[in-house]
Amino acid sequence: MSQRTLIQMFHWYLPEGALWDDTARAAPGLAEMGVTDVWLPPAYKGASGTSSVGYDTYDLFDLGEFDQKGTVPTKYGTRAALEAACAALREQGLRVIHDVVFDHKMGADETERVSVRRTNPDDRTQIEDEAFDATTHTRFTFPGRAGAHSRFVWDHKCFSGVDRIEDPQEDGVFRLVNQHGDGEWNEEVDEELGNFDFLMGADVEFRNRAVYEELKFWGRWLAEQVPVDGFRLDAAKHIPAWFFRDWVGHCREAISPDLFVVAEYWQPDLAALHTYLDRVDHQLSLFDAALVHHFSDASHAGADYDLRTIFDGTLVQSLPEHAVTLVANHDTQPLQALEAPVEDWFKPLAYALILLREGGVPCLFHPDLYGASYADTGGDGENYDITLAPVACLARLTQARQRFAHGAQTDLFDSPSCIGFIRHGMADAPGCVVILSNGEPATLTAELGPDHAGATFVDWLSHVQGECVADDQGALAVRCEGGSVSVWVRQDAA
């Protein structure tokens, strides 16, 4: 298998009903391009039926098989189409990564009368002493599934809190009174807002042993239904680290020791990420949130941004073996909660920096390969029409990762507006020289050594026409256009 290259095969605004079929058709092209792993969206039934992107989890055991929430298929298609898509990916040698949303449930089938305590939404450690009775949407019986695959019924004992009560009707954050946690939120979660256990909906109580075992069972069950080569773990900031430490370890024992696992712990603070990785016994990787924001900042600042600092304070610089690097995802795309858009001109530079360097597992984003158009309301209440153009050279950059991004790396970070690096190659794999500029057209010299004396190089991306020839000592002067990137490779290896 080639070095790992992941793609997020969806975004927030995909049309309904087509993704599983589209993925099956795309599989040969992805494999030819050099993608190795395909991250699929949540495949199970969401509370909003066919309009559910998948993060409003209703029923983990309904993969588009049962008539629930007004539909049999999910937004992405039927269970049969999901199975066909997974089979098509595997036939092309591609690994299948599934999205896991355990933090909360939404769309309960029945209400319950329970006791709750108000919590300060801005400081979750402040929980009122006095409890009162209220009605909550916390009973999940899944009548459309009628006990198929699992007979587990979720009720208020399976949840730690809710964001809405009735009789009295009120929105907020409410701690459910039950026998778990002595009335406190889970520990080993992010410290934002004092304690970031609660996120939304009916917040799952992982200290309930029955819940703990049901979620382990679901992991084993999923691997019996469709190919499973790894997981993306949603909302890890809100889930106790001890749970995912146990759950990932269990799945590696039950499914495969080679499972690839990346958690969404969206936090630019490196100390918090190091603490989390310690708590989960370094069993997984994390998305490099800081790097995404650096890319966004650099794209807006243009030539005023010092490219030499682009990796400062990032996970890929600190712990590259645990970093998944990316340019955008479904949460950072325009009009979404963590919006951090990267300007079009900078995306080729950003992708070159994650695809062609040592360290980290790069993740492509569906709209950057295929484009996207959608409309939605922004945080200001205004309506917007958004068009995301595909990154023209992304396929070539991904191919370059597999063909040329080999061997030791030498950084050429000497100028604030032009940086580069050498991948020196190996005996059986060629290397490359990468140069990028956020200002004027630029040139830098790469010392490649006598093995490359007199060799002719060309720009794999064809952004610069013509050739560069190394001198008799193997020194190569490479160039790039302003606000652009070039990947120089030996002509006899191109």
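Student: In what kind of crossing does H3 pass H4?

Tutor: In this predicted model, H3 passes H4 in a right-handed crossing. A crossing is given that name because the near helix is turned clockwise from the far one by less than a right angle.

Student: How are two packed helices described?

Tutor: Two values are used: the angle between the axes and the distance between the axes. For helix H3 (residues 209-225) and helix H4 (residues 241-254), the angle is about 35° and the axes are 10 Å apart. The contact is made by residues including Leu215 and Trp218 of H3, together with Phe243 and Trp247 of H4. By class, the residues of this contact are eight nonpolar, two polar and three charged.

Student: What makes H1 roughly parallel to H2?

Tutor: The axes of helix H1 (residues 19-33) and helix H2 (residues 79-91) cross at roughly 15° and come within 8 Å. Angles under 35 degrees count as roughly parallel, and therefore H1 is roughly parallel to H2. The crossing of H1 and H2 is left-handed.

Student: Which residues of H1 and H2 make the contact?

Tutor: Trp20, Asp21, Thr23, Ala24 and Ala27 come from H1, while Ala81, Leu82, Ala84, Ala85, Ala88 and Leu89 come from H2. These divide into nine nonpolar, one polar and one charged residues. Asp21 belongs to the contact, and it is classed as charged because Asp is listed with Glu, Lys and Arg.

Student: Which residues have the most contacts inside the largest nonpolar core?

Tutor: They are Phe102 and Trp247, in a core of 137 residues. Helix H8 (residues 347-355) gives the most to this core, with seven residues. Leaving aside residues up to four places away in sequence, Phe102 touches Leu60, Val204, Phe206, Leu215, Trp218, Ile239, Phe243, Phe244 and Trp247. There is also a second, separate core of 18 residues, which includes Val433, Phe457, Val464 and Leu476.

Student: How do you know that H8 is mostly covered?

Tutor: Nine of the nine residues of H8 are buried. Among them are Lys347, Pro348, Tyr351 and Leu355. Each is called buried because its relative accessible area is under 20%.

Student: Why is Ile386 called buried?

Tutor: The relative accessible area of Ile386 is 14%. Buried means under 20%, so Ile386 is buried. Ile386 is found in strand S19 (residues 383-388). Apart from residues up to four places away in sequence, Ile386 touches Pro334, Leu335, Ala372, Ser373 and Tyr374.

Student: Why does His149 count as partly exposed?

Tutor: The relative accessibility of His149 is 29%. The cut-offs are under 20% for buried and over 50% for exposed, so His149 falls in between and counts as partly exposed. His149 lies in the loop between strand S9 (132-139) and S10. His149 has a positive phi of about 70°, although it is not a glycine.

Student: Why does Asp281 count as exposed?

Tutor: The relative accessibility of Asp281 is 51%. Exposed means over 50%, and therefore Asp281 counts as exposed. Asp281 is found in the loop between helix H5 (270-279) and strand S15 (285-287). Phi of Asp281 is near 60°, a positive value in a residue other than glycine.

Student: What kind of peptide bond joins Asp167 and Pro168?

Tutor: The bond is cis, with omega of about 10°. Pro168 has its place in the loop between strand S10 (159-165) and strand S11 (170-176).

Technical notes: Residues are numbered from 1 along each chain as its sequence is written. This is a predicted model: local features need pLDDT of at least 70, side-chain atom pairs count only at pLDDT 80 or more; totals for chains, interfaces and linings use all residues. Side-chain values use heavy atoms; hydrogens and water are left out. A nonpolar core is a set of buried Ala, Val, Leu, Ile, Met, Phe, Trp, Tyr and Cys residues joined through side-chain atoms within 4.5 Å. Buried means under 20% relative accessible area, exposed over 50%, partly exposed in between (1.4 Å probe, protein chains only). Helices (H or I, at least four residues) and strands (E, at least two) are DSSP runs, numbered from the N terminus. Contact means heavy atoms within 4.5 Å. Axes are lines fitted to C-alpha atoms, for helices over the stretch in contact, and angles run from 0 to 180 degrees between N-to-C directions. Angles under 35 degrees count as roughly parallel, over 145 as roughly antiparallel, 65 to 115 as roughly perpendicular and the rest as oblique.
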